[in-house]
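Here is my note on the model. Please read the points beside the coordinates.

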Amino acid sequence: MNLVDQIKENGIVAVIRGSSADNIVSIAHALKRGGVKTLEITVETPRVLSLIEKVSEELGDEVIVGAGTVLDPETARAAIMAGARFIFSPTTNTETIKMAKRYGVVSIPGALTPTEIITAYEHGADMIKVFPANVFGPGYIKDIHGPMPHIPLMPTGGLDTGNVGDYIRAGAVAAGIGSSLVNTKLPVTEEYLADIEAKAGQFVQAVAEARS
């Protein structure tokens, strides 16, 4: 199974923003125990390259680690050299897509309008991060799939355990989940890690039920 299919099968991409060297591995383990095995570490996080490298070394093939909020090809390359296996962006930058494909990693740029979505796909994107998805809701995914059923869509922004199933049933191949799963503004205690594990399991279950 290739990496794109693994990300689709996993169903949930955890968006980890603002983590640190002290807690990133613990968070990654908690997510994995809950069944979430695709982790996006956002690049505005201080010393993010060392965090990507650390999780990649500690967990190996147990999880898929990528970089998020990548705005330019230079940052994409640096993240790839640190071990990122996919590149997430909030927008469509065709040079960033090219950089990801040059190094054989998965490219998932952000887009919202039909024109942005088809432009990203035509330039080599493996999936499209529909962001911010909560602006239009699950019905928008279904509407986009009408004329473009061949383009894999991953809604991100405003998703939680209550609505993620609606997006999957509307045709999303996976979903990006941020602070409703991992909120690093809270103290990363054993209790909090247990909460992350439990929430991860709830998201995985919601996706499985929507697919059944």
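**Notes on helix packing and voids**

1. Helix H2 (residues 24-34) packs with helix H3 (residues 48-59) at an angle of about 50°, the axes being 10 Å apart. H2 and H3 are therefore oblique to each other (under 35 degrees counts as roughly parallel, over 145 as roughly antiparallel, 65 to 115 as roughly perpendicular, the rest as oblique). Axes are lines fitted to C-alpha atoms, for helices over the stretch in contact, with angles from 0 to 180 degrees between N-to-C directions. Helices (H or I, at least four residues) and strands (E, at least two) are DSSP runs, numbered from the N terminus.

2. The model is predicted: local features need pLDDT of at least 70, side-chain atom pairs count only at pLDDT 80 or more, and totals for chains, interfaces and linings use all residues. Residues are numbered from 1 along each chain as its sequence is written, and side-chain values use heavy atoms, without hydrogens or water.

3. H2 passes H3 in a right-handed crossing (near helix turned clockwise from the far one by less than a right angle; anticlockwise is left-handed). From H2, Ile24, Val25, Ala28, His29 and Lys32 meet Leu51, Lys54, Val55, Glu58 and Leu59 of H3 (contact: heavy atoms within 4.5 Å). This contact has six nonpolar, one polar and three charged residues (Ala, Val, Leu, Ile, Met, Phe, Trp, Tyr, Cys and Pro are nonpolar; Asp, Glu, Lys and Arg charged; the others, Gly among them, polar).

4. Helix H4 (residues 73-81) and H5 pack at about 25°, with axes 8 Å apart. H4 and H5 are therefore roughly parallel to each other. Their crossing is right-handed. Pro73, Ala76, Arg77 and Ile80 of H4 touch Glu95, Thr96, Met99 and Ala100 of H5. By class, that is five nonpolar, one polar and two charged residues.

5. How many cavities of 30 Å³ or more does the whole structure hold? The search finds one (on a 1 Å grid over the protein atoms alone, a 1.4 Å probe fits but cannot get out; a pocket is an open set with protein on both sides within 12 Å along at least five of seven lines; lining residues have an atom within 4 Å of a point). The largest cavity has a volume of about 40 Å³. Helix H5 (94-102) and strand E5 (106-108) each give two or more residues to its lining. The lining has four nonpolar, six polar and no charged residues.

6. The largest pocket has a volume of about 380 Å³ (the space filled by probe spheres set on grid points, joined across faces, edges and corners). Its lining counts 21 residues; Val15, Arg17, Ile177, Gly178 and Ser179 lie nearest the centre. Six are nonpolar, 11 polar and four charged.
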